[in-house]
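Hi everyone, thanks for coming.

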Amino acid sequence: MTSLQHVNPRVRGIRVSPQNVLQSLAEHITQEITQGAHKPFKEVIDVSSGDPHRAGMKPVSFVRQVLAVCLYPELLKDQSLPLDVKLRAQRLLEACDGGSVGSYSDSSGLLHVRQSIAEFITKRDAGVPSYAKNVFISSGSQKALMIIVRLLASGEGETQTGVLTPMPSPHTLPTLLDEAEVALVPYQLVEERGWAVHLEELHRAVTTARGHCQPRAIYISNPGNPTGHVQTRESMEEVIRFAAAEGLLLFVDEVYQDSMIGLDREFISYKRVLFEMGKEYAETVELVSSHSLSCTSIAECGQRAGYMEIVNMDPEVMHFVDTMLCTDVSTPITGQLALDLMVNPPKPGDPSYDTYTQNAQRAVELLNDLPGMSCQLAMGGIYLYPCLHLPSEFRQLAKMLEVEAHVLYCQKFLEEEGVLGGVGHDGGTASSHHVRLCVHVPPDTMEEVLTRLRSFHLRLMDGHCNSD
């Protein structure tokens, strides 16, 4: 590969997210500060993605203590460590081949951990049974999704596999579909209804797609990433009936199931709803649901582990799920052990619940008080997704620079105030501009972000007074 023309053309065709460009700019600014450059801020604050530890959240002590003992078993002799930590670590080490985290596991994951996950799902879903044989551990929920999409991918042109994808969507999803050579079939979430899934829009999307590609799956994020919307049982039943009628596999990302912000909505899994709809659906609709360490309760994103549970898939097809997992040999063992701690914590309750709930409520109040900005109250998840009503002069400037207006907004916010926000992805709607803000950060960090955002936004609006 001595020149770009030798690179796989399909790889060259993968879309590059504007977020990657902003991330590089943030790293460059950080390097400049380190080298002594004068900036109006002392450090760059990253609230673009769900990486709470990077933003300053402290890890859960129990998780780190157990993992520390597993990595260095000599700590079992340490009298300062709690007994439950040592007992748990000893049990997890016994589940590892050779009693060591340095060994491989089966490609689908350690049996002990998969059994713990199945027990967690059964308890979560009020007794709807889950079985370890249907649980597959992967290096994050994105890896799980990629495996399923690759199994579905086939054809070209009108026969190319399509996946119904919400707009806005997780910012990594379009790139993932590109890599798998699968067509993205957008369906628009309804912002005025708190980013709800609308049945008529799903029908429009699948009807429009036919003739251009072959829709074979629908992707749902619940609680929504990045919108924070949490579906009602009625909405989930509509989606399940739609998937059944259209012959679509239903892939549900439920990573933020432990992060409910809205007091009037509880999390119910798609699997529970499916099984409570009766045999007509419970025994026919193909469902893949995922969860991962990126969840709010422990947020061990860097440990890179997640799982998917597969329901109603042909056993011969499931064999190839395991085959695809073999390309990674096995998910990192420490990540798998952290999954066991996530689904089977030492005691119930989420220690960080109050922190990010208060952050979200405080941020929504401030965002809605700013001119030219509005924000739906999140019901779950770790993001807020405010809408920008930008002045025409600013939008014209963005057009002249050949960038989207919300991308330019995030770039200037980073350059002038040292805050890296997330670029909204709304499917190319020219009149819609959003940014993504992670609220699962320490309270003092959140206050600093809001202070800088208010200063920047008011300055921008004053400088471009011809607002529409």
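Predicted model: local features only at pLDDT ≥ 70, side-chain atom pairs only at ≥ 80, totals over all residues.

Let's start with strand β6, residues 249-253, which runs parallel to β7 and is joined to β7 by 4 bridges. Residues are numbered from 1 along each chain as its sequence is written, and side-chain values use heavy atoms, with hydrogens and water left out.

Helix and strand names follow DSSP runs, numbered from the N terminus: helices are H or I with at least four residues, strands are E with at least two. When I say two strands pair, I mean DSSP finds at least two bridges between them.

Okay, so what is the strand order in the open sheet of 7 strands? Reading across, you get β2-β8-β7-β6-β5-β3-β4, and the pairing is mixed. At the edges sit β2 (135-138) and β4 (183-188), each pairing on one side only. On average, neighbouring strands of this sheet are turned by 25° against each other, ignoring direction.

**Helices on that sheet**

α9 lies across β3 (161-167), β5 and β6, and runs at about 165° to β5. Contact here means heavy atoms within 4.5 Å. Angles run from 0 to 180 degrees between N-to-C directions, using axes fitted to C-alpha atoms, for helices over the stretch in contact. Then there's helix α12, residues 315-325, which lies across β2 and β8 and runs at about 20° to β2.

Helix α6 is worth a look too. This helix covers residues 141-152, so to speak 12 residues, and reaches 17 Å from its first C-alpha to its last, close to the 16 Å expected at 1.5 Å a residue. That expected span is 1.5 Å times one less than the number of residues. Is α6 mostly covered or mostly open? Mostly covered: 9 of its 12 residues are buried. Buried means under 20% relative accessible area, exposed means over 50%, and partly exposed is in between, with a 1.4 Å probe and protein chains only. Among the buried residues of α6 are K143, M146, I147 and I148.

The peptide bond joining N222 and P223 is cis, with omega about -5°. P226 is in the loop between β5 and α9 as well, and the bond from N225 to P226 is cis, with omega near 15°.

Which way does phi go at A299, positive or negative? Positive, near 50°, and A299 isn't a glycine. You'll find A299 in the loop between β7 (287-292) and β8 (306-311), and at 4% relative accessibility A299 counts as buried. E402 also isn't a glycine, and its phi is positive at about 60°. E402 lies in the loop between α15 (392-400) and α16, and E402 is exposed, with a relative accessible area of 74%.

Strand β14, residues 435-438, is joined to β13 by 2 bridges, and G422 stands opposite R436. Another 2 bridges join β10 to β14, where L384 has L437 as its bridge partner. V435 and L437 point one way from β14, R436 and C438 the other, and all are buried.

Last stop: the axes of α16 (405-417) and α17 (443-463) come within 10 Å and cross at roughly 115°. Residues meeting there include Y409 and F413 in α16, and L453 and F456 in α17. The contact divides into 6 nonpolar, 2 polar and 5 charged residues. Here Ala, Val, Leu, Ile, Met, Phe, Trp, Tyr, Cys and Pro count as nonpolar, Asp, Glu, Lys and Arg as charged, and the others, Gly among them, as polar.
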